[in-house]
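Hi,

Here's the structure I promised to pass on. Have a look at it first, and my notes follow below.

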Amino acid sequence: MKKRLVVLSGAGVSAESGIKTFRDSGGLWEEYDIMEVATPQAWNRNMDLVLEFYNQRRKQLMEVQPNAAHFALAELEKYFDVHIITQNVDDLHERAGSTKVMHLHGELKKVRSTADPDLVYKLNGWELKKGDTCELGSQLRPHIVWFGEEVPMIPAAAELTKTADIFLIVGTSLNVYPAASLVGYVKRGTPIYLIDPGHLAVSHIPNLTFIKEKASVGMERLKEILLKLADKNQ
Ligand code: OAD
């Protein structure tokens, strides 16, 4: 049976595709105020700005492609039972061929009703406008988890994390909770790998191998390590 590799990914995995991260220098949260574009209060105060922010993100997503890191993760499905928990709202893991992807913070290409959160739709094209409504006649909003909102997928993500034989963290500053707390659910003794070129405070993470590289290079290195493991277990 294939070993289970559970992956927690963040904006860094999509950086080499040309999508800006949030907290790096030159990142999105330097250009925009989180409170003005990514909170329910912002939506109530200035819907136009929030719509425009996510329309721009969606438009850009249509112009970029998955990179070598996304493809390497997809390829690992040949050898491991790979489950990706991503904080990313892009669809680059799926476009690279990964088949089990859980989106913790929502999905750019989906929109949902402001009257009933269970009414989720695929958006055609990139633009969501004021006046676009659900079947109940209510305004549609981006299908994104904003700051201050619950993260409905967290219990499922925590359960999945507990089942990991190997856990990988790639391209996340581990600044945002509850996503960052998932690592606490990894079973004791499970090997944990981290790929990130930044200076992360990781002394609290047990059994950690820190591959301090950008995602494409780090994934290549990790693939070598993991394929040796897969060979040994056959
Ligand atoms: P951050 O912007 O906080 O962190 C990005 C991480 O990617 C940093 O640790 C960088 O060092 C790393 N990085 C930069 N370039 C990289 C590369 N080429 N390869 C690998 N890693 C690289 O992004 P997240 O941790 O994903 O939420 O942010 C978490 C959440 O905060 C996001 O999902 C978003 C944001 O606000 C919402 O919008 C709800």
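A polar side-chain atom of Arg23 lies 2.7 Å from an oxygen atom of the ligand, a polar contact (a pair of N or O atoms within 3.5 Å). His105 also brings a polar side-chain atom to 2.8 Å from a ligand oxygen, while Gly12 uses a backbone N or O atom, 3.2 Å from a nitrogen of the ligand. On its own the ligand has 790 Å² of accessible area, and the protein covers 93% of that (Shrake-Rupley method, 1.4 Å probe).

Before you go further: this is a predicted model, where local features need pLDDT of at least 70 and side-chain atom pairs count only at pLDDT 80 or more, while totals for chains, interfaces and linings use all residues. Residues are numbered from 1 along each chain as its sequence is written, and side-chain values use heavy atoms, with hydrogens and water left out.

So who's around the ligand? There are 24 residues (each with a heavy atom within 4 Å), and the closest are Phe22, Arg23, Thr172, Ser173 and Asp196. By class, that shell has ten nonpolar, nine polar and five charged residues (Asp, Glu, Lys and Arg count as charged, and Gly is among the polar ones).

Now the domains: the protein splits into domain 1 (1–18 + 66–105 + 151–234) and domain 2 (20–63 + 109–144), with bounds from an automatic or database assignment. Their contact takes 13 residues from domain 1 and nine from domain 2 (heavy atoms within 4.5 Å). Their centres, taken over C-alpha atoms, are 26 Å apart. Each domain gives at least three residues to the ligand's shell.

Cheers

Note on methods
A polar contact is a pair of N or O atoms within 3.5 Å; within protein, one must be able to donate a hydrogen and the other to accept it, and residues adjacent in sequence count only if both atoms are side-chain atoms.
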